[in-house]
Amino acid sequence: MRTAVTCIVVAGDGPLTTRWLKDGIPLDEKALDATIIPAEEGFVSTITIKSLGHRHNGNYSCLATNDVGTGSYSAILIVKDHPPDRFKTIVSSSHVHILVNGSLNFRSVETSDAGFYLCEANNGVGSGLSTVVRFTVHSAPQFHSKFMVLSARRGERCTIECSPNGDRPMRFIWRRNGQIVDPSNEARYSQNVEEMDEYGIKATLVIEKAERKDSALFMCTAANDFGEDTMNIQVTIKDIPDAPQNLEVHDVTSRSIRLTWDRPFDGNSPITQYTVMWRHTDG
C-alpha cells in the first residue's frame, strides 16, 4: 500500500529549510524505501512511502527552519493489518488451549501468536454468530546474544553494533565501563540507529582512530515502553608492545651473561619474541 504524509508551513518568512525525523533521528529514505519531495520553496514537504509496513511505525517530525528560528510538528504513524480472507482451525496443544466457554488460553505468549482470530458460535439454530479479534503481542527489546568480544588495531576505526528485536520505537543508551557515552564530549565517538527490516533494528557506536583507553566493556541498552535489555561487548584495542624496562646484567663470565628485565605492556597481544642487541664499547 502506497501512502504519503505532507508537512505544510502556513506562516513564516522564506527561505525555508525543511527536514524530517523519525523517532528523533534523521529520516533514512533508503532504509524506509521512502522519498522526500520538497515544494513551494520549502513551505511544503511530502514523504512518499511506496509499500507501507510495520517498519514504518514510529513518531515522525517535520522541522522547518529560517533565519529567525525553527518550528516543528510531530505525529505518530501506526500501520494496522487487515484481516485475512481465510483462517486456519486452532487445535488445543501445549501452547494454546481452547476452554469450554470457547476462550483461548495461551500458556506463554510469543510474538508469532499475533494476528487475527475468528471466533464462531453455532448451536444449530439459525446462521450462528462470528467475530474477528485482532491480537497484538507487545515485545520488550531482546538480544539473542548477551555478550560479544571485539578487537581492533590502534589508529583504526572500531565499529560496535547491537541488534535487538522488539516493538518500536526503541531507544538506545551506550555505556563504557558503566559510564554513559556522550559523543558531544568525545569527538571520536558517533552513534547511529538503522531500521533493518520489519522486525529488526541496529544501533551502531563508531570509534574513530581507536586508542588504548578505548579497551573497555561497552554496554548497549535498548528500551521501549514494555521493557529493556542489555548486551555487553568487550572491546580490546591492540597496539605495539612497550619497551622493556629495568634491564639488569647478572652472572657475567668470559663466555656468558644473564640479562633480566620487567615484562612490558604487551599491547593486548602476546609478545612473540624479544630482540637483544649489543655493541663494543671503548675500553
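## Surface and model basis

The chain has an accessible surface of about 19,500 Å², and 51% of that area belongs to carbon and sulfur atoms. Accessible areas come from the Shrake-Rupley method with a 1.4 Å probe, and for residues only the protein chains shown count as cover. Buried residues make up 28% of the 283 residues in the chain; buried means under 20% relative accessible area, exposed means over 50%, and partly exposed lies in between (1.4 Å probe, protein chains only).

The model is predicted: local features need pLDDT of at least 70 and side-chain atom pairs count only at pLDDT 80 or more, while totals for chains, interfaces and linings use all residues. Residues are numbered from 1 along each chain as its sequence is written, and side-chain values use heavy atoms, with hydrogens and water left out.

## Overall form

The chain contains 1 helix and 21 strands. Helices (H or I, at least four residues) and strands (E, at least two) are DSSP runs, numbered from the N terminus. The radius of gyration of the chain is 30 Å, well over the 19 Å given by the globule rule for 283 residues, so the chain is more spread out than a compact globule. This radius is taken over C-alpha atoms, and the globule rule is 2.2 Å times the number of residues to the power 0.38. Along its principal axes, the C-alpha trace spans about 120 × 65 × 25 Å.

Of the contacts between residues at least 6 apart in sequence, 56% join residues at least 24 apart; a contact means heavy atoms within 4.5 Å. The chain carries 29 positive and 35 negative charges, and their mean positions are 5 Å apart. In this count Lys and Arg are positive and Asp and Glu negative, while His and the chain ends are not counted. Each charge is placed at NZ of Lys, CZ of Arg, CG of Asp or CD of Glu.

## Backbone features

Gly 14 and Pro 15 are joined by a cis peptide bond with omega of about -5°. Pro 15 sits in the loop between strand 1 (3-8) and strand 2 (17-22). Another cis bond runs from Arg 168 to Pro 169, with omega near -5°. Pro 169 belongs to the loop between strand 13 (158-162) and strand 14 (171-176).

Asp 33 is not a glycine, yet has a positive phi of about 55°. Asp 33 is located in the loop between helix 1 (29-32) and strand 4 (34-39) and is partly exposed, at a relative accessible area of 31%. Glu 41, also not a glycine, likewise has a positive phi of about 55°. Its place is the loop between strand 4 and strand 5 (44-49), where Glu 41 is exposed, with a relative accessible area of 69%.

## Aromatic pairs

A pair of aromatic rings is described by the distance of the centres and the angle of the planes. The whole structure holds 4 aromatic pairs. Rings of Phe, Tyr and Trp (its six-membered ring) pair if their centres lie within 6.5 Å; planes under 30 degrees apart count as stacked, over 60 as edge-to-face and the rest as tilted. One of the pairs is formed by Phe 106 and Phe 135, which are stacked at 5.4 Å centre to centre with 25° between the planes. This pair links distant parts of the chain, with Phe 106 in strand 9 (residues 104-106) and Phe 135 in strand 11 (residues 129-135), 29 residues apart. Phe 106 counts as buried at 18% relative accessibility, whereas Phe 135 counts as partly exposed at 26%.

The ring centres of Tyr 117 and Phe 135 are 6.0 Å apart and the planes stand at 70°, so this pair is edge-to-face. Tyr 117 is in strand 10 (residues 115-121) and Phe 135 in strand 11, 18 residues apart, and the pair links distant parts of the chain.

Glu 248 lies in strand 20 (residues 245-250) and counts as partly exposed at 42% relative accessibility. Leaving aside neighbours within four places in sequence, Glu 248 is in contact with Arg 258, Leu 259 and Thr 260. From Glu 248 to Trp 261 the C-alpha to C-alpha distance is 6.3 Å, at 13 residues apart in sequence.

Ile 257 is in the loop between strand 20 and strand 21 (258-262). With neighbours within four places in sequence again left aside, Ile 257 is in contact with Val 249, His 250, Asp 251 and Val 252. Ile 257 and Ser 163 are 94 residues apart in sequence and 57 Å apart in space, C-alpha to C-alpha.
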